[in-house]
Amino acid sequence: MVGFAIGEHSPFTVRFDRCRRFPDVLYLAPTPDQPFRTLTEAVAARWPEAPPYGGQFAEIIPHLTVAHDQQAHVYDEVEAALTAGPPVTANVASVSLFVSDGDRWHQHAVFPLCG
């Protein structure tokens, strides 16, 4: 069960205080990022037939996408707006599973972090 793989991990606080980019993506990088790596690795270990991102990438890079498939000036504007304000912080106490119906993503289940 996903709940077991996730539930053994403890809640944590994260700060998103810097922007980074992939090709065609602007994202906020989490600090610390290790809890996200650990959760991803736990799910991947439980279901090795379904690796993160279909196995496309060798390294797990935790991120919060804020802009995708935009012109360069849009990324610059969004980044300027995000870095002008205080860092975003969050308490992570659960993991949500979303499924796609082919058109939209819908929340399917929530797994609390209980560790």
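Colleague: Is histidine 9 buried or exposed?

Modeller: The model is a predicted one, and the answer refers to that model. Histidine 9 lies in the loop between helix 1 (2-7) and strand 1. Its relative accessible area is 17%. Since buried means under 20%, histidine 9 is buried.

Colleague: Leaving aside neighbours within four places in sequence, which residues is histidine 9 in contact with?

Modeller: Contact is taken here as heavy atoms within 4.5 Å. Leaving aside the neighbours within four places in sequence, the residues in contact with histidine 9 are Thr38, Leu39, Ala42, Leu113, Cys114 and Gly115.

Colleague: In what order do the elements run from the N terminus on?

Modeller: The protein has three helices and six strands. Read from the N terminus on, the order of these elements is α-β-β-α-β-α-β-β-β.

Colleague: What share of the contacts with a separation of 6 or more is accounted for by residues 24 or more positions apart?

Modeller: The chain has 115 residues, of which buried residues make up 20%. Among the contacts with a separation of 6 or more, the share from residues 24 or more positions apart is 58%.

Colleague: How many residues apart are glutamate 79 and arginine 21, which form a salt bridge?

Modeller: The closest N and O atoms of glutamate 79 and arginine 21 are 2.9 Å apart. This pair links distant parts of the chain, with glutamate 79 in helix 3 (residues 72-84) and arginine 21 in strand 1 (residues 12-22).

Colleague: Which residues are linked with Arg21 in a network of salt bridges?

Modeller: Arginine 21 is partly exposed, at a relative accessible area of 38%, and glutamate 79 is also partly exposed, at 24%. The network of salt bridges links Arg21 with Asp76 and Glu79.

Colleague: In the salt bridge of glutamate 59 with arginine 37, which residue is buried?

Modeller: The closest N and O atoms of this pair are 4.0 Å apart. The pair links distant parts of the chain, 22 residues apart: glutamate 59 is in the loop between helix 2 (34-46) and strand 3, and the partner is in helix 2. Glutamate 59 has a relative accessible area of 52% and is therefore exposed. At 17% relative accessibility, the buried residue is arginine 37.

Colleague: What is the N to O distance in the salt bridge of arginine 15 and aspartate 17?

Modeller: Arginine 15 is partly exposed at 34% relative accessibility, and aspartate 17 is partly exposed with a relative accessible area of 34%. Their side chains meet in a salt bridge, with an N to O distance of 2.8 Å.

Colleague: How far apart are the mean positions of the positive and negative charges?

Modeller: The protein carries 7 positive and 13 negative charges. The mean positions of these two sets are separated by 6 Å.

Colleague: Which residues make the nonpolar surface patch of about 190 Å²?

Modeller: A patch takes residues with over 30% relative accessible area. Valine 66, in strand 3 (residues 64-68), is partly exposed at 32% relative accessibility and so passes that cut-off. The residues that make the patch are Leu64, Val66 and Leu82.

Colleague: What percentage of the accessible surface belongs to carbon and sulfur atoms?

Modeller: The C-alpha atoms fill a box of roughly 45 × 30 × 25 Å along the principal axes. The accessible surface comes to about 7800 Å², and the part that belongs to carbon and sulfur atoms is 57%.

Notes. Residues numbered from 1 in each chain as written. Predicted model: local features only at pLDDT ≥ 70, side-chain atom pairs only at ≥ 80, totals over all residues. Heavy atoms only, no water. Helix = DSSP H or I, 4+ residues; strand = E, 2+ residues; numbered from the N terminus. Buried < 20%, exposed > 50% of the residue type's maximum accessible area, 1.4 Å probe, protein only. Areas by Shrake-Rupley, 256 points an atom, 1.4 Å probe, with all protein chains shown as cover. Lys, Arg positive; Asp, Glu negative; His and termini not counted. Charge placed at Lys NZ, Arg CZ, Asp CG, Glu CD. Patch = residues over 30% accessible without salt bridge, like charges linked within 9 Å, V, L, I, M, F, W, Y side chains within 5 Å.
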